[in-house]
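This briefing is meant for a reader meeting the structure for the first time. Please look over the sequence and the structure below before turning to the points that follow.

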Amino acid sequence: MRKDKTLSSTTIRRLTKYYRYIDELDLKNIQVISSYTLGKMMNISPSLIRQDFNTIGEFGRQGHGYQVQTLKKEIGDFLGINKLHNMVVVGAGNLGQTLANYDGFSQVGFTIKALFDINPKLIGMKINEIEIIDLDNLKDFIKNNNINIGILCVRKHCVQEMTDILVDAGIKGIWNFSATDINVPDDVKVENVNFSNSLFTLSYLMNDKYTNQKS
């Protein structure tokens, strides 16, 4: 039975990691997994795993482990990844083209339907069979193709303008690679991806002066 709880972003990120591992177990035809074994694989304590799973449902039996396919379905349903998502990429530069070339999105139900740009040299090209379309057609394309996620790969100076177009067209989820914050209505969800922040975190983890100091 699904539990109605608002989870922290940290818990959500662990659930996405669980899903990846459990999907691999399912592909290997492993039918049952214990929290102890899964915890050992992922370097997460079994008690934390049981706590996380208990927040979204009650589908394990003590001493018997978890059915892998059941776990996969329950976590997938909770994360909303057991349904199809149609996406567009705004900005067909190097990053936008790299995302279009990645086949892993479509394998888990996230399909890039088109890329959009203002560069006339790019318009009409296809990246991994995905067409680059003139930005002027973005709003109509979203409305006519059941698009629910917009991916922003544009420069800072125009990111809010592109955001407003996406929101006005009915987009409810934005994956923002622009390295700047955007303003959206409360019913539009944003996931920001900042490469510099990730590198700063790595730098901190490598900084022996602080991470290895003794209390």
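This is a predicted model: local features need pLDDT of at least 70, side-chain atom pairs count only at pLDDT 80 or more; totals for chains, interfaces and linings use all residues.

Helices H1 and H4 cross each other in a left-handed manner.

**The packing of H1 and H4**
- Helix H1, which covers residues 9-27, packs against helix H4, which covers residues 68-79, at an angle of about 145 degrees, and their axes lie 9 Å apart.
- On the H1 side the contact residues include Ile-12, Leu-15, Tyr-19 and Ile-22, while on the H4 side they include Val-68, Leu-71, Ile-75 and Phe-78.
- The residues of this contact between H1 and H4 comprise 11 nonpolar, 3 polar and 3 charged ones.

**Strand pairings around S7**
- Strand S7 (residues 130-134) pairs with S5 in the parallel sense, over 3 bridges, and within this region Phe-116 has Ile-133 of S7 as its bridge partner.

**Ile-118 in its loop**
- Ile-118 sits in the loop that runs between strand S5 (110-117) and strand S6 (126-127).
- When neighbours within four places in sequence are set aside, Ile-118 is in contact with Ile-123 and Leu-135.
- The C-alpha atom of Ile-118 is separated by 46 Å from that of Met-41, a residue 77 residues apart from Ile-118 along the chain.

Definitions and conventions. Residues are numbered from 1 along each chain as its sequence is written. Side-chain values use heavy atoms; hydrogens and water are left out. Axes are lines fitted to C-alpha atoms, for helices over the stretch in contact, and angles run from 0 to 180 degrees between N-to-C directions. Helices (H or I, at least four residues) and strands (E, at least two) are DSSP runs, numbered from the N terminus. A crossing is left-handed if the near helix is turned anticlockwise from the far one by less than a right angle, and right-handed if clockwise. Contact means heavy atoms within 4.5 Å. Ala, Val, Leu, Ile, Met, Phe, Trp, Tyr, Cys and Pro count as nonpolar, Asp, Glu, Lys and Arg as charged, and the others, Gly among them, as polar. Two strands pair if DSSP finds at least two bridges between them.
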